[in-house]
Amino acid sequence: MSCYAGLPGVIQWWAEAGDTDEHTVEVYGVYLPCVLGSVGFVFATYVYVVEVTHDYNIFRRPPPEHRSQHSLGYGVARLNLLGSILFLVASVGYFVQVPPYEYTEPWEHLVSLWGVRFPFAAGSACFIFASILMLPESLSD
């Protein structure tokens, strides 16, 4: 839904059709689906870490006898979890972000830069690095 709402003119069309302002349509059509999708994504990667470590406490390292055989898979799972958490932070940052043409205070630009753009970039880097590590991990079995 948020991908469709991001197309040019869609938010304006929805706002005119529903007699609401564009910001409300943007919140319900773009921001809220992004946050809900990110929450689901964090849950899925949490389940992935639990599957790899066989432990519901994701902060505990695997026992020493299992550490060598799960080290690469454990790293891939943790990178994916970190990336999904960063995507959730960026999605929540949408709610306080101000469009660039409406900046009136310096902190608004910082929220946009460090609250939305940086977490998306860092999360994407985590996913790219994890996917590169998945190839040798999949061939190790």
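A residue is called buried when its relative accessible area is under 20%, exposed when this area is over 50%, and partly exposed in between (1.4 Å probe, protein chains only). Leu36, with 57% relative accessibility, therefore counts as exposed. The structure is a predicted model, in which local features need pLDDT of at least 70 and side-chain atom pairs count only at pLDDT 80 or more, while totals for chains, interfaces and linings use all residues. Residues are numbered from 1 along each chain as its sequence is written, and side-chain values use heavy atoms, with hydrogens and water left out.

The chain contains five helices and zero strands, in the order α-α-α-α-α along the sequence. Helices (H or I, at least four residues) and strands (E, at least two) are DSSP runs, numbered from the N terminus. Among these elements, helix α3 spans residues 22-53, helix α4 spans residues 64-93, and helix α5 spans 106-139. Of the 141 residues in the chain, 33% are buried. The accessible surface of the chain is about 9000 Å², and carbon and sulfur atoms account for 68% of this surface. Accessible areas come from the Shrake-Rupley method with a 1.4 Å probe, and for residues only the protein chains shown count as cover. Contacts (heavy atoms within 4.5 Å) were also considered by their separation in sequence. Among contacts between residues at least 6 apart in sequence, 62% join residues at least 24 apart.

Thr45 is located in helix α3 and has a relative accessible area of 7%, so Thr45 is buried. A polar contact is a pair of N or O atoms within 3.5 Å; within protein, one atom must be able to donate a hydrogen and the other to accept it, and residues adjacent in sequence count only if both atoms are side-chain atoms. The side chains of Thr45 and Ser84 form such a polar contact, at 2.8 Å. When neighbours within four places in sequence are left aside, Thr45 is in contact with Asn80, Leu81 and Ser84.

The second pair includes Ser91, which is placed in helix α4. Ser91 is buried because its relative accessibility is 2%. The side chain of Ser91 is joined to that of Ser38 by a polar contact of 3.0 Å. Not counting residues up to four places away in sequence, Ser91 touches Cys34, Val35, Ser38 and Phe120. Cys34 has 19% relative accessibility and therefore counts as buried. Cys126, with a relative accessible area of 10%, is also buried. A search of the whole structure for disulfides (pairs of cysteine sulfur atoms within 2.5 Å) finds zero.

Tyr31 lies in helix α3 and is buried, because its relative accessible area is 9%. The C-alpha atoms of Tyr31 and Phe95 are 6.9 Å apart, although the two residues are 64 apart in sequence. Phe95 is among the residues touched by Tyr31, together with His23, Glu26 and Tyr94, when residues up to four places away in sequence are not counted.

Phe95 also belongs to a nonpolar surface patch of about 500 Å², made with Tyr28, Leu32, Leu36 and Val96. Patches are made of residues with over 30% relative accessible area and no salt bridge; like charges are joined within 9 Å, and nonpolar side chains (Val, Leu, Ile, Met, Phe, Trp, Tyr) within 5 Å. A salt bridge is a side-chain nitrogen of Lys or Arg within 4 Å of a carboxyl oxygen of Asp or Glu. Val96 is partly exposed because its relative accessible area is 46%. Val96 and Gly115 are 19 residues apart in sequence, with a C-alpha to C-alpha distance of 8.7 Å.

Two further residues are not buried. Tyr56 is in the loop between α3 and α4 and is exposed, because its relative accessible area is 65%. Tyr56 and Tyr46 are 10 residues apart in sequence and 8.7 Å apart in space, C-alpha to C-alpha. Beyond its neighbours within four places in sequence, Tyr56 is in contact with Tyr46 and Val50. Ser71, in helix α4, counts as partly exposed because its relative accessibility is 45%. The C-alpha atoms of Ser71 and Val52 are 9.6 Å apart, and the two residues are 19 apart in sequence.
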